[in-house]
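Here are my notes on the model you sent over.

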Amino acid sequence: MHAHKVRLHDLQTVNHISSMALSTSADSTTALITILLLLLLLHGGSSTAQSDVDLLEFPLNLEYLEAEFFSWGALGRGLDSIEPNLTMGGPSPVGVRKANLSPLVQDIIAQFAYQEFGHLRAIKRTVPGFPRPLLNLSIPTFATIMNNAFGRTLFPPFNPYANDINYLLASYVIPYVGLTGYVGTAPRLQNATSKALVAGLLGVEAGQDAVIRTLLYERAQQRVLPYHFTVAEFTVRISSLRDRLGNEGLKDEGLIVPPSQGVGGGITGNILAGNQNSLAFNRTPEEVLRIVYGTGEVNVPGGFYPRGANGRIAQSFL
């Protein structure tokens with residue numbers, strides 16, 4: 001049932017009380033005030049503020065992206081095949097395909113995919129939601145991201161679907177942005193139901209990011225063939241790119257950091273990203289859009305969202 005609706009039982013209760021009030025009281029004004037107060041109490045207890053609705057719907061853009069990327073990468077098919085109702089009629093993603101993964105990584109990514117399906121269901125049980133936006137998950141999209149991260153054209157073009165390392169690096173690009181978005185959203189929510197939902201979503205998104213970072217950390221000094229850069233160097237470059245696009249200071253860190261920036265002020269290993277107190281960084285919807293569009297501009301779509309993201313917040317900038 002939609003959060004804005006008053007239950008049938010509540011309406012029947014109000015009708016019964018109103019009949020009693022009007023028949024037993026000579027003061028119809030007092031009776032009317034009583035009825036209005038009851039309606040406000042019954043309706044207000046279950047309603048979701050419009051600002052909460054917008055903030056809860058916005059992450060659907062990232063959840064759709066993650067659901068398709070993980071599902072196709074591990075299973076070779078996506079929402080259109082597995083849970084078509086979740087798409088709400090939105091266009092099919094472009095360029096996505098099954099990745100060449102080892103059994104372990106394929107198993108992990110498959111679990112991520114079904115977790116994302118659950119996130120889509122959970123959000124849409126709380127707010128109306130919107131159709132899946134057009135997503136570009138093609139090799140050229142990821143290749144452009146990596147080229148921008150390194151400030152040069154990599155040859156051959158980076159292929160996210162080629163092997164475990166490439167796919168994990170491509171995965172490094174995505175969930176962390178949603179994670180920081182949820183951290184930024186949490187303090188802006190008004191409704192207890194909204195806060196509980198975001199807390200649950202954030203917990204799993206943080207877990208996914210931790211798993212991806214751990215798998216990459218194990219390979220930190222390994223070269224990403226055929227390039228002359230290590231896994232750690234890729235993560236540092238990707239994080240720096242996201243900070244530049246977000247344009248709100250340091251909110252991203254690779255797997256290796258300067259000692260002064262590390263945990264305890266002297267460790268270069270950086271298994272989890274966080275501020276000086278090891279608290280997660282936060283991002284606004286505007287920062288998220290500048291990053292996932294790849295343009296650094298909130299009103300210039302591109303990257304994963306060639307037609308722009310959906311929802312009131314994203315559409316208000318277009």
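**Notes on the fold and its contacts**

1. Reading along the sequence, the protein chain runs α-α-α-α-α-α-α-α-α-α-α-α-α. That is 13 helices and zero strands. Keep in mind that this is a predicted model.

2. Some overall numbers for the protein chain. Buried residues account for 50% of its 318 residues. Take the contacts between residues at least 6 apart in sequence: 71% of them join residues at least 24 apart.

3. On to charges. Side chains of opposite charge can pair when their charged atoms come close. The structure has 10 salt bridges. One of them is between the side chains of E68 and R132, at 2.5 Å from N to O. This pair links distant parts of the chain: E68 sits in helix α4 (residues 60-75) and R132 in the loop between α6 (103-124) and α7 (139-150), 64 residues apart. Are these two buried or exposed? E68 is buried, since its relative accessible area is 1%, and R132 also counts as buried, at 1% relative accessibility.

4. R132 has a salt bridge with D80 as well, where the closest N and O atoms are 2.8 Å apart. Here too the pair links distant parts of the chain, with D80 in helix α5 (residues 79-82) and R132 in the loop between α6 and α7, 52 residues apart. D80 is partly exposed, because its relative accessible area is 38%.

5. Next, have a look at R283 and D243, which form a salt bridge with the closest N and O atoms 3.4 Å apart. R283 is in the loop between α11 and α12 while D243 is in helix α11, so the pair ties together parts that are 40 residues apart in sequence. R283 is buried at 2% relative accessible area, and D243 counts as buried at 14%. Which residues make up the network here? Salt bridges with shared partners join R242, D243, D252 and R283 into one network.

6. Now the rings: there are 15 aromatic pairs in the structure. For Y64 and F130, the ring centres are 6.5 Å apart and the planes are at 45 degrees, so the pair counts as tilted. Y64 belongs to helix α4 and F130 to the loop between α6 and α7, so this pair ties together parts 66 residues apart in sequence. Y64 counts as buried at 0% relative accessibility, and so does F130 at 7%.

7. F158 and F234 make another tilted aromatic pair, 5.9 Å centre to centre with 35 degrees between the planes. The two link distant parts of the chain: F158 is in the loop between α7 and α8 (164-173), F234 is in helix α11, and they are 76 residues apart. F158 is buried, with a relative accessible area of 0%, and F234 is buried, also with 0%.

8. There is a ring cluster to inspect too: ring pairs link F69, F70, F112, F142, Y161, Y167 and F304.

9. Last, the surface. Y217, I256, I271 and L272 make a nonpolar surface patch of about 320 Å². Where does I256 sit? I256 is in the loop between α11 (231-246) and α12 (285-293). I256 counts as partly exposed because its relative accessibility is 32%.

Methods
Residues numbered from 1 in each chain as written. Predicted model: local features only at pLDDT ≥ 70, side-chain atom pairs only at ≥ 80, totals over all residues. Heavy atoms only, no water. Patch = residues over 30% accessible without salt bridge, like charges linked within 9 Å, V, L, I, M, F, W, Y side chains within 5 Å. Areas by Shrake-Rupley, 256 points an atom, 1.4 Å probe, with all protein chains shown as cover. Salt bridge = Lys/Arg side-chain N within 4 Å of Asp/Glu carboxyl O. Helix = DSSP H or I, 4+ residues; strand = E, 2+ residues; numbered from the N terminus. Buried < 20%, exposed > 50% of the residue type's maximum accessible area, 1.4 Å probe, protein only. Contact = heavy atoms within 4.5 Å. Phe/Tyr/Trp six-rings, centres within 6.5 Å; stacked < 30°, edge-to-face > 60°.
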